[in-house]
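Welcome, and please have your viewer ready.

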Amino acid sequence: MKELREGKVVGTLGGSREIVYRRVVDEKGRVTLPTEMRQQLEIRAGEEVEFLLREDGQWYIRKGFPQRACTFCGCEVDLIQVWGQTLCRRCAKKYLYLLARELELDIFVGKSGNLPD
Ligand SMILES: [Zn+2]
């Protein structure tokens with residue numbers, strides 16, 4: 001019934017068309033995501049994907065969602081992404097200030113030396 005070929009429609013799954021993309025797992029357990037999947041989900045290098053195991057034993061993969069709260073204070077507004085971490089702008093400024101002070105850089109610190117708002 002099913003012919004497993006790259007990108008070929010092979011039947012239905014839950015009433016919708018099913019297309020199979022086959023990949024070979026390498027010796028470290030890695031696979032390459034199909035180009036069509038990366039394009040459709042806008043998955044770029046460095047982004048996360050999530051593997052979900054459901055109660056029925058089926059595995060699913062989906063694009064990871066960025067963290068929705070600041071890593072440091074937990075607030076959920078005014079967020080930015082830095083090196084894969086989610087920070088609010090207030091904590092980012094504090095962190096930047098502390099880094100500048102630790103590294104003895106005066107380029108980021110105001111003339112007063114006060115912690116930025
Ligand atoms: Zn914060």
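This is a predicted model: local features need pLDDT of at least 70, side-chain atom pairs count only at pLDDT 80 or more; totals for chains, interfaces and linings use all residues.

What span should the 14 residues of helix α2 have at 1.5 Å a residue, and how far apart are its end C-alpha atoms? Select residues 89-102 to see this helix.

Next, select E104, which follows α2. Its phi is positive, near 55 degrees.

Now zoom out to the whole chain. Starting at the N terminus, their order is β-β-α-β-β-β-β-α. The chain has 117 residues, and 3% of them count as buried. Turning to contacts with a separation of 6 or more, 1% of those in the chain come from residues 24 or more positions apart.

Two loop residues come next. Go to the loop between α1 (35-41) and β3 (49-53) and select E42. Although E42 is not a glycine, it has a positive phi of about 55 degrees. Is E42 buried or exposed? It counts as exposed because it has 8 C-beta neighbours inside 10 Å, and the cut-off for exposed is 12 or fewer.

Then move to the loop between β4 (59-63) and β5 (79-82), where D78 lies. D78 is not a glycine either, yet it has a positive phi of about 60 degrees. With 12 other C-beta atoms within 10 Å, D78 is exposed.

Key. Residues are numbered from 1 along each chain as its sequence is written. Helices (H or I, at least four residues) and strands (E, at least two) are DSSP runs, numbered from the N terminus. A residue is buried if 20 or more other C-beta atoms lie within 10 Å of its own, exposed if 12 or fewer, and partly exposed in between; C-beta atoms are placed from the backbone. Two residues are in contact if their C-beta atoms, placed from the backbone, lie within 7 Å. The expected span of a helix is 1.5 Å times one less than its number of residues.
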